[in-house]
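I opened this model to look up a few things in turn and kept notes as I went. The entries follow the order in which I looked.

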2 protein chains.
Amino acid sequence: MAEKAPVSVWTRPERPRRDQPTLGRDQIVDAALELLDAEGLTGLSMRRLGTRLNSGATSVYWHVANKDELLELALDRVMAEVTVPPPDDGGWRASATGYARSLRAMIHRHPWTVTLFGGRPMIGPNATRVLDETLIAFGAAGFTDLDLEYAWSLVVDYVIGAAGSEASWQRGQPGTTSADWIEALGPYLTRLAEERPTLSAHIRDVWANETGDILEGRFTFGLTSVLDGLEARRPPAR
Amino acid sequence: MAEKAPVSVWTRPERPRRDQPTLGRDQIVDAALELLDAEGLTGLSMRRLGTRLNSGATSVYWHVANKDELLELALDRVMAEVTVPPPDDGGWRASATGYARSLRAMIHRHPWTVTLFGGRPMIGPNATRVLDETLIAFGAAGFTDLDLEYAWSLVVDYVIGAAGSEASWQRGQPGTTSADWIEALGPYLTRLAEERPTLSAHIRDVWANETGDILEGRFTFGLTSVLDGLEARRPPAR
DNA sequence: GACCTGCCTCGCACACTGTACGACTCAACT
DNA sequence: AGTTGAGTCGTACAGTGTGCGAGGCAGGTC
């Protein structure tokens, strides 16, 4: 695409594409998201983003200071997909589970977010909206001040940890299952069987036939356990 | 066509060393750890590693297939620092808390590990040792089969999520506290105060005076909540 | 008309990355 | 003495983020 041959004087220089909407943050983030969702963090380079936008490689830098800022914008954009059911509908617990599942689903759709979480404080409009709503939800549970902070971050940390491990699990090679891994390791595992019987029994019984159901069961188990633990710490209803 | 690619580091024996302390996996991983701990993932480049070892830039590639494999070795090396107290001493709960705190402390010492967790299955000797010991610990709690998997991964996911967010929090700029952040954001926050009163009250009351104590309190709150939730799901002792 | 002054785009260059490859050294074995 | 093979290294290639300056365009002022 870059073969802009030394234009002869006779050929009129082509209309420099002003018909398209000029470059803007929205379109930049749109294109960045396509690359990120398709190929992950390493799939996004400023040059590829430039060609995707039919623009010069460094034109993006007029609208965005650097790549980190672009990633911040992209991260906040996908935070728009996270919803928090208001606690008045079904109580704080329904609200918390709805939030947790919504966040997990978003991470599954955009696995590249995992590395970015917590990299710097998320203060974009969507992130603050989600944060505000979760604080309201956990406030409806009776938590205040430090306990509110503790309860909220327990759920967030668990969801990010769980969904993150799930996501990076699948990110490796889309085709390979855990059974394939076990197959490929072969002799290494048989040697392991002698030294660590507990572990290799677990591998044989659980990991060897891992399915999507196990992922689901694991998350609901973890989430309900977390919420149960929070329930015990909740101040008595007023 | 490329049939030899997907073999993992652990299956291939270390290339036999000749005589003197020339380059070896141990020294390579040592030097890599120095760079990683000092400057994080981006601080480790093969060229810097080469000069650190007083060797050519690409000499490392004789001992290690690529950079990912080197990171796998480094990750397993630091997993040696994680200990799991045997459950017969103080019960499964003491064992689980000891493991969780040990893992968290390791992540704090080596924040670059967070990105690597779950990237690919951790099957190095130290990782498998830790995994085996934790399975034994949670098995002592009475969990079996799928529940064992669920219970174990709940704790792991929470610890990685919590410690990961703590670690990347500090990784930004070692000097800046959260109060500095709030200070720097200034007018953005005052505008936020009108739209989202709950959130800005929380910022003012909790985050503005964040100290190390809050981090500690948050983790113990989260961990005890998680273990309480697990206790409720534990099969009755026999 | 001419001229200036914003905003915006883009080509080039720089310093850096991971790593493939072939040339080399040098001890050990036949 | 000749051969082998482990181990090291310089060079090269394709790719990265991004600083810089040279422009082009629209609108405003003489």
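Which residues of chain A does UniProt list for "DNA-binding region"? I found that the unreviewed entry gives residues 45-64 of chain A, and I kept in mind that UniProt positions are given in the numbering used here, that feature names are shortened, and that annotations may be inferred rather than shown by experiment.

Before going further I noted that this is a predicted model, in which local features need pLDDT of at least 70 and side-chain atom pairs count only at pLDDT 80 or more, while totals for chains, interfaces and linings use all residues. Residues are numbered from 1 along each chain as its sequence is written, and chains are lettered from A and ligands numbered from 1 in the order in which they are written.

**Annotated spans.** I looked at residues 45-64 of chain A and found 35% helix and 0% strand, with the end C-alpha atoms 14 Å apart; helices (H or I, at least four residues) and strands (E, at least two) are DSSP runs, numbered from the N terminus. The unreviewed UniProt entry also places "domain: HTH tetR-type" at residues 22-82 of chain A, a span that is 57% helix and 0% strand, with its end C-alpha atoms 30 Å apart.

**DNA strand C.** I then listed the 20 residues around DNA strand C, of which A:Leu23, A:Ser55, A:Gly56, B:Ser45 and B:Lys67 come nearest; a residue is near a strand if its C-beta atom, placed from the backbone, lies within 6 Å of it. Helix α2 (residues 46-52) of chain B gives the largest share of this surface, three residues. By class I noted six nonpolar, nine polar and five charged residues there, where Ala, Val, Leu, Ile, Met, Phe, Trp, Tyr, Cys and Pro count as nonpolar, Asp, Glu, Lys and Arg as charged, and the others, Gly among them, as polar.

**The two copies.** I laid chain A on chain B with an RMSD of 0.1 Å by a turn of 180° and a shift of 0.0 Å along the axis, using least squares on the C-alpha atoms of residues with pLDDT of at least 70 in both. The two copies are thus related as by a two-fold rotation axis.

**Where the chains touch.** I noted 51 residues of chain A in contact with 52 residues of chain B, contact meaning that the C-beta atoms, placed from the backbone, lie within 7 Å. On the side of chain A that touches chain B, α7(A) gives the most, with 16 residues, and by class that side has 24 nonpolar, 17 polar and ten charged residues.

The axes of α6(A) and helix α10 (residues 197-205) of chain B come within 8 Å and cross at roughly 85°, the axes being lines fitted to C-alpha atoms over the stretch in contact, with angles from 0 to 180 degrees between N-to-C directions. That makes α6(A) roughly perpendicular to α10(B), since angles under 35 degrees count as roughly parallel, over 145 as roughly antiparallel, 65 to 115 as roughly perpendicular and the rest as oblique. Among the residues making the contact I noted A:Leu131 and A:Leu135 of α6(A) and B:Leu199 and B:His202 of α10(B).

Definitions and conventions. Two residues are in contact if their C-beta atoms, placed from the backbone, lie within 7 Å.
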